[in-house]
Amino acid sequence: MGAAASAPRQPLRSLSADGVRELVESLGPKFADLAKQLQENGYDGEVLADASDDDLDELFGELSVSKLQQKVLRNKLRKSLDERPVSSAIEDTLLTSISP
């Protein structure tokens, strides 16, 4: 439970390399080495958010990521692309509720 509870709740694009490491580590202990490699190589959220499927295939190949781990990581990255800080979500809700 510990690592998942501390996972960043920010959009992927805004994460530093350290934030990406935390995000990947939140997937479980089998992702710890990959998380460290991503951080050491300076892959931040903006790089991963802008990466095409081909880019990710190349990256995962270079880092020897298994097909199953790739699937799990791609799903997590997709979900993280859509996350917004809580304050933005609340602001949008308030603006929508007061609009005529």
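Q: Is arginine 13 buried, partly exposed or exposed?
A: In this predicted model, arginine 13 has a relative accessible area of 43%.

Q: Which residue forms a salt bridge with arginine 13, and how far apart are the closest N and O atoms?
A: The partner is aspartate 50, and the closest N and O atoms are 2.8 Å apart. A salt bridge is assigned when such a pair lies within 4 Å. Aspartate 50 sits in helix α4 (residues 45–50), while arginine 13 is in the loop between α1 (2–5) and α2 (17–25).

Q: How many salt bridges does the structure hold?
A: There are five. One of them joins the side chains of arginine 21 and glutamate 25, at 2.9 Å from N to O.

Q: Where do arginine 21 and glutamate 25 lie?
A: Both are in helix α2, four residues apart, which is about one turn of the helix. Arginine 21 is partly exposed at 24% relative accessibility, and glutamate 25 is partly exposed at 28%.

Q: What does a salt bridge between two helices look like here, taking arginine 74 and aspartate 57?
A: Their closest N and O atoms are 2.4 Å apart. Arginine 74 belongs to helix α6 and aspartate 57 to helix α5, so the bridge ties together parts that are 17 residues apart in sequence. Arginine 74 has a relative accessible area of 13% and is therefore buried, the cut-off being under 20%. Aspartate 57, at 39%, is partly exposed.

Q: At what angle do helix α5 and helix α6 pack, and how far apart are their axes?
A: Helix α5 (residues 53–62) and helix α6 (residues 67–82) pack at about 135°, with axes 12 Å apart. An angle over 145 would count as roughly antiparallel, and 65 to 115 as roughly perpendicular; α5 is therefore oblique to α6. The crossing of α5 past α6 is right-handed.

Q: Which residues make the contact between α5 and α6?
A: From α5 come Asp53, Leu56, Asp57 and Phe60, and from α6 come Gln70, Leu73 and Arg74. Sorted by class, the contact of α5 with α6 has three nonpolar, one polar and three charged residues.

Technical notes. Residues numbered from 1 in each chain as written. Predicted model: local features only at pLDDT ≥ 70, side-chain atom pairs only at ≥ 80, totals over all residues. Heavy atoms only, no water. Axes fitted to C-alpha atoms, helices over the stretch in contact; angles between N-to-C directions. Parallel < 35°, antiparallel > 145°, perpendicular 65-115°, else oblique. Left-handed = near helix turned anticlockwise from the far one by under 90°. Contact = heavy atoms within 4.5 Å. Nonpolar A, V, L, I, M, F, W, Y, C, P; charged D, E, K, R; others polar. Buried < 20%, exposed > 50% of the residue type's maximum accessible area, 1.4 Å probe, protein only.
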